[in-house]
Every structure is written in C-alpha cells, then in structure tokens.
Amino acid sequence: MSELEIIKRLKEVMKRAEQLNHLQLVVGIPSDENSREESTSITNAELGVIHEFGVPEKNIPERSFMRSSASEESQNLSRLAKIKIAECLKCEISAHDAFATVGVYLQGKIVDKITDGDFEPNTEATVNRKKSSKPLIDTGQLRGAITYEVKEK
C-alpha cells in the first residue's frame with residue numbers, strides 16, 4: 001500500500017470514527033409512545049416504568065425487563081458492538097447500521113424477556129381481570145412498544 005493510499009484510508013477511518021461518535025442508540029419504550037388502546041390515562045412508557053421498577057405502595061413488584069436484559073446480555077452486546085464498529089471502520093457497513101444491528105439485538109432480547117421472563121407471579125385479582133396469567137402480558141401492547149432508535153447526539 002502506498003503512502004497516499006495509507007493517508008486516504010486513515011482519513012476514511014477518522015471520518016467513520018467521527019460518524020460513530022455523533023450517534024447514540026436508545027432502546028426501550030419512547031416517551032411519546034402514547035397509544036394504548038384501552039387507556040388514555042397511561043402510556044406504554046409509563047406502564048413500562050411501573051413494571052421495570054415496581055410500585056410497592058400499590059403492591060406492584062419490580063419486574064425488570066429492560067435493565068435485566070441489558071445486564072444479562074452485556075458481554076454479547078459488547079462483542080457485537082466491537083464487531084459492528086470494526087465493520088464500520090473498514091467501510092463494510094454504515095455507522096447507522098452498526099448501531100441499528102445492536103439495537104435490533106437488544107430489542108429482541110427485551111421482548112424475549114417480557115415473553116419468557118421468570119417474574120413474580122400476578123396476584124389472583126390481576127389474573128382474574130387480565131387476558132393472560134403471565135406477568136407483563138395482557139394485550140401485548142407493552143411488548144409491542146419495545147423499539148430502538150439511532151439518534152444524533
């Protein structure tokens with residue numbers, strides 16, 4: 001590789017690094033996600049916070065699905081991010097696509113956790129009023145609201 005080619009390649013790597021540095025990944029339930037079919041008093045984001053952290057004074061236990069998924073997948077997320085960043089720096093994928101791949105992965109893990117997580121069981125009263133006896137699952141709207149977004153910092 002000639003000196004000119006090395007300089008050209010270095011400039012491209014620096015440009016890609018700058019693109020990566022100006023983006024961020026957000027995974028979860030957007031706060032503007034207001035569409036709950038049966039309720040206008042609570043959003044999916046608010047419902048997610050209630051379940052993620054619990055409300056002891058209302059006898060709602062913590063059923064972490066976002067924080068626990070990110071924690072349990074931290075090594076896999078780190079490996080995947082390293083691979084995707086390397087691909088971006090080699091000009092194989094865009095910076096946006098590098099973040100999006102990680103976002104899709106974590107989104108899927110959070111949805112899986114809601115579906116299959118080992119959570120404290122619902123009370124008998126909750127089971128009687130819901131469509132499902134599984135914690136965090138009733139209409140599927142909360143689970144369907146989990147998404148990711150690649151944004152400018």
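Arginine 67 is partly exposed in this predicted model, with 38% relative accessibility; the term covers residues between buried (under 20% relative accessible area) and exposed (over 50%), as computed with a 1.4 Å probe on protein chains only. Salt bridges that share partners join Glu52, Glu62 and Arg67 into one network. Here a salt bridge denotes a side-chain nitrogen of Lys or Arg within 4 Å of a carboxyl oxygen of Asp or Glu. Helices are DSSP runs of H or I with at least four residues, numbered from the N terminus. Glutamate 52 is buried, at a relative accessible area of 2%.

In helix 1 (residues 3-21), arginine 16 and glutamate 12 are four residues apart, about one turn of the helix. A salt bridge connects them, with 3.4 Å between the closest N and O atoms. Arginine 16 is buried, its relative accessible area being 13%, whereas glutamate 12 is partly exposed at 24%.

Across the whole structure, the search finds six salt bridges. Among them is the pair of lysine 90 and glutamate 92, whose closest N and O atoms lie 4.0 Å apart.

Residues are numbered from 1 along each chain as its sequence is written, and side-chain values use heavy atoms, without hydrogens and water. In this predicted model, local features require pLDDT of at least 70 and side-chain atom pairs count only at pLDDT 80 or more, while totals for chains, interfaces and linings use all residues.

Methods
Helix = DSSP H or I, 4+ residues; strand = E, 2+ residues; numbered from the N terminus.
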